[in-house]
Amino acid sequence: NTQTIFLPPWVPTTEEEKAHGEEFTAAVKAISKVPRNFVQMHAAGTSQDFPFDWATSREFAEAAYRGDERIYKLLPRLVPKHVSEEEFWRNYFSHVYAVKTRFARGVPAPGPSAAGDAASAGAAAEGPTQVSRANSIASQVPYPARFELALKYVREGPSLPENTPPGDRLLMDVLSKQATVGPCTAPRPGLWDSSEAKARHEAWTKLGAMSKQEAMHLYVQALEIFRKDWILWEGLELPEGIDDPR
């Protein structure tokens, strides 16, 4: 079977981008250095030519999420507190589109800094790691199967780190409810209910009409902040046909 490969947006695809490959890659990767780029759309995003469709962009977003450590850390901090997952990626890709438009016009952005070069060289020298193996395997597992595996890991696998913030544990709890049950319809806790029950109800309610699919993605991404190689746990039964890059 042929598997479609979704490349992250910093990989040059046009002749103009390939002619300035290192500059193009550096310009796109620099987008994630500024958190507001994920909550504010670039002016280029208002163009009718901006090719963003969340349904078809999700796999490319996944590639960017797994390939850029800054995006990996920013997403659970900004979503859903400040923007929805779709808005997060729409804003990001509007900045990517601005870079691609600039290169298409023959106006390359500034090249990578010396620090960026050193970081890239260091990353390249490390070679395959346990985390990259986990990422490769996870990317082959479709939703909702990936979410169900993550849920099993949290319920039955190794505990999350002791220093996991209570707020993050609570967020994962309500995301799992949103992903399995849907929006909160439970009655508001009473005066004598525990503060924990009240906090859970409030957090779940704040997710609003978030779709089950989006909640599944956010749950898995939240887990990966604390256990990047969770999918390698031997207690999980992966679907058949998964290619393990050992």
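Q: What should I know about the model and its numbering?
A: The model is predicted: local features need pLDDT of at least 70, side-chain atom pairs count only at pLDDT 80 or more, and totals for chains, interfaces and linings use all residues. Residues are numbered from 1 along each chain as its sequence is written, and side-chain values use heavy atoms, with hydrogens and water left out.

Q: Which side chain makes a polar contact with the side chain of Glu224?
A: A polar contact is a pair of N or O atoms within 3.5 Å; within protein, one must be able to donate a hydrogen and the other to accept it, and residues adjacent in sequence count only if both atoms are side-chain atoms. Here the partner of Glu224 is the side chain of Arg66, at 3.0 Å.

Q: Where is Arg58 found, and what is Arg58 in contact with?
A: Helices are DSSP runs (H or I, at least four residues), numbered from the N terminus. Arg58 lies in helix 3, residues 54-67. Contact means heavy atoms within 4.5 Å. Beyond its neighbours within four places in sequence, Arg58 contacts Glu85, Gln213 and His217.

Q: Which residues of helix 8 meet helix 9?
A: Phe147, Leu151 and Val154 of helix 8 meet Met172, Ser176, Ala179 and Thr180 of helix 9.

Note on methods:
Helix = DSSP H or I, 4+ residues; strand = E, 2+ residues; numbered from the N terminus.
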